[in-house]
Amino acid sequence: MVEATVQYRRKRLDRGIKARTDTIFVIASKRDTLYLLLPRVLPVIALLILPLVLKGYWGKVVVFACMYGLLALSWDFMACCGLFSLGQALFFGMGAYIAGTLNYYFHIPPIITVPVATLGSGLLCAALLGPVVRLKGVYFAMITLMLPLLLKKMIDTTGIFGGTHGLPSLSPFPSELVATYLAVVGFLACLFIFRRVINSDYGLVLRAIRDDDRAVMSGAINIYWRKIQAVFISGAVGGFAGALMTHHFQFLGMSTFALDYSILPVAAVALGGQGTFAGAAIGSLILVPLSESLRALGGLRMAIYCGILIVSIIGLPEGIFHYMARKYHQFEKVVEVK
Amino acid sequence: MSLLIYGLINSVILALYTVGFSLCYGISGIANFSHGALYILSGFTAWNLLNLAGLPFYLSAVLSVIITAILGFLFYWVLLLRVRGTPLAELIVTFAAGMGLLELLTWKGFYGMRYSLPLYMKGGIEIGPVAIDYQRLFVVGTGVALVVFLWFFVHHTRVGLAFRAMAQNERTALSVGIESDWIGSLSMALGAALAAIAAMVILPLGMMESSIGLEVLIYALAVAIVGGLESTLGMIVGSFIIGFGQIAAARYIGAKWMIIVPLAAIVLVLVIKPSGIFGKFKELEERV
């Protein structure tokens, strides 16, 4: 008689609170309400309190995290309609240069330049990428990778807008706290608006374009026009981040078109998980403080980002957010295999 | 006259930049964004072999081509194999690996006057009023030789024919016993080797710097987009358009406007014919 070895396996059960879809819940008790609300409200409260607690250097890091978070959100928004960009720096630099030049040459205060830069960079990016939205996947990524680098070279060689030296002593925000809260609130607002938009009918069309653009075309929807709108929205968000950064540091330089601003958003989204925006937010909130604490390593930082990017794409392709959400919504217990 | 000659040289250099990238993409569909990093890495390998290990230059050049090819081969098996089939994950992995390599090189301090490879031959000749040194002639010769060799390779050898089979139809190629991963990794190795060969002949013309890697990648992408990615003829024509365009711009408008040429060429081509000048219809469906 063969002695049966006892084997165990993990059994996963969804919590009973979910009804039919991922977004409709049956709430029966206060506990259920808390269960749903806590993961949404806690991070928001934490992010709103953080600038009051952290001062000095780490206060700046909060601003950085929100800037990169905005860029990561704008990347994710474009990815939602199938446009994979390797050049978020284009949006960032565009916003920074519009705000910076307006302030430097015409002495317009930040309260006007930031909105103008937001809209202007959206419009300019939509115009620049307009002919290119017909491309898909790798081809679009190639163009977006090249554009900020070529613009940077152009500024470098022609010397317009301050050239290699940049434009110094721009006017700052009224106080450090205002700038920080502008970044934090902008980031949170963007996160919540994007999450609402992507689940509305408008977002449904965008996601459909990503999944099967021919089917959307056959539904008599102009996919190129929709893609240009998506570029406009994410260009505006990236431009907002750029304008904010320029006024915050009171300096405008070519480095706004640098590769950092292109790679870090992609790394953040790859780490956090794509498609829900929360993943992009989490990814940047993890990566930016991490990279700041690695600042002592100097030039190695970019290499480390790239390492994180590769490891997270190969090791955890779904991203941290999807992983955590799955764990949160499921019971797991070990049962005997019969 | 000098416009013609320098345009030709510039075009051949661009074609050399691109040939490995477009070959690799044409065969296995991997857009190797670490192309530029491999290019510059092979330069530094050769420099290290030459100056630190004390090998003669020709030997170190050949060795660095081989090392780069092996690196490309390993790159496929270690990293790319795990994300094969999702083009964007492939792209992000190659891009991140390339950037990581470049940043590592910068961090190690590989820039400055010290880092340059010796010329193969000194001196030069004069064609009419234009002086031209032998090294540049050598670059042109290598470019022509490579194109002829590649044409022969993909039309008349077993491996080359397998490459073409993979490029045309992966499933059918599988059914006649061509192993997809093997060919894919070979194509990466070949692409890397071509990048290294280009580096070995072009780098002696100037200084080595890790930022050149990015430049090479940009020009390779520009040429590939203008010419149409998979076609060799398109690649050559694309590099000639951008090469001559740049020299002409430098001559008649000013050297600082050279950088506009690839940008303008890309936008023009995309507006007129999005699949590139020699792109085929199949590509059009994929791209647009």
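Visitor: Glad to be here! What ipTM does the model score?

Guide: Welcome! This is a predicted model, and two overall scores come with it. Its pTM is 0.82, and its ipTM is 0.75.

Visitor: In chain B, where is confidence lowest?

Guide: Chain B averages a pLDDT of 79, and 86% of its residues score at least 70. Helix α8 (residues 180-202) of chain B has the highest confidence in that chain, at 87. Over residues 281-288 of chain B the pLDDT is below 50, though this stretch has 16 contacts in the model beyond near neighbours in sequence. Confidence in chain B is lowest, at a mean of 45, in helix α12 (residues 281-287).

Visitor: How should one read such a stretch?

Guide: With some care, I would say. Where pLDDT is low, the predicted coordinates should not be read in detail.

Visitor: How many helices does chain B have?

Guide: Read along the sequence, chain B follows the pattern α-α-α-α-β-β-α-α-α-α-α-α-α-α. Two strands are part of it, and the number of helices is twelve.

Visitor: Which element gives the most to the side of chain A that touches chain B?

Guide: The contact takes 34 residues from chain A and 36 residues from chain B. On the chain A side, the elements that give two or more residues are α5 (137-158), α10 (260-272) and α12 (300-315) of chain A. By class, this side has 26 nonpolar, five polar and three charged residues. With 13 residues, the element that gives the most is α5(A).

Visitor: Is helix α9 of chain B largely enclosed or in the open?

Guide: Helix α9 (residues 211-227) of chain B has 17 residues, which should span 24 Å at 1.5 Å a residue, and the 25 Å between its end C-alpha atoms agrees. Just after α9(B), B:Gly228 takes a positive phi of about 95°. Of the 17 residues of α9(B), 14 are buried, so this helix is largely enclosed.

Visitor: Which residues of α5(B) are buried?

Guide: Helix α5 (residues 134-156) of chain B has 23 residues and reaches 32 Å from its first C-alpha to its last, close to the expected 33 Å. To count as buried, a residue needs 20 or more other C-beta atoms within 10 Å of its own. In α5(B), those residues are B:Arg136, B:Val139, B:Gly143 and B:Leu146.

Visitor: What does A:Ala267 touch, leaving out residues up to four places away in sequence?

Guide: The largest nonpolar core has 197 residues, and A:Ala267 is one of those that touch the most other members, along with A:Met67, A:Leu73, A:Leu309 and B:Ala222. Beyond residues up to four places away in sequence, A:Ala267 touches A:Leu287, A:Tyr305, A:Ile308 and A:Leu309.

Visitor: Is A:Gly203 buried, exposed or partly exposed?

Guide: A:Gly203 sits in helix α7 (residues 201-211) of chain A. A residue is buried at 20 or more other C-beta atoms within 10 Å and exposed at 12 or fewer. A:Gly203 has 18, so it is partly exposed.

Visitor: One more! In β2(A), which residue is the bridge partner of A:Arg10?

Guide: Strand β2 (residues 330-336) of chain A has seven residues and the number buried is zero, so this strand lies largely in the open. Seven bridges join β2(A) to strand β1 (residues 8-14) of chain A, and the two run antiparallel. The partner of A:Arg10 in β2(A) is A:Val334.

Definitions and conventions
Residues numbered from 1 in each chain as written. Chains lettered and ligands numbered in written order. Predicted model: local features only at pLDDT ≥ 70, side-chain atom pairs only at ≥ 80, totals over all residues. Contact = placed C-beta atoms within 7 Å. Helix = DSSP H or I, 4+ residues; strand = E, 2+ residues; numbered from the N terminus. Nonpolar A, V, L, I, M, F, W, Y, C, P; charged D, E, K, R; others polar. Expected span 1.5 Å × (residues − 1). Core = buried A, V, L, I, M, F, W, Y, C linked by C-beta atoms within 7 Å. Pairing = 2+ DSSP bridges. pLDDT = per-residue confidence, 0-100.
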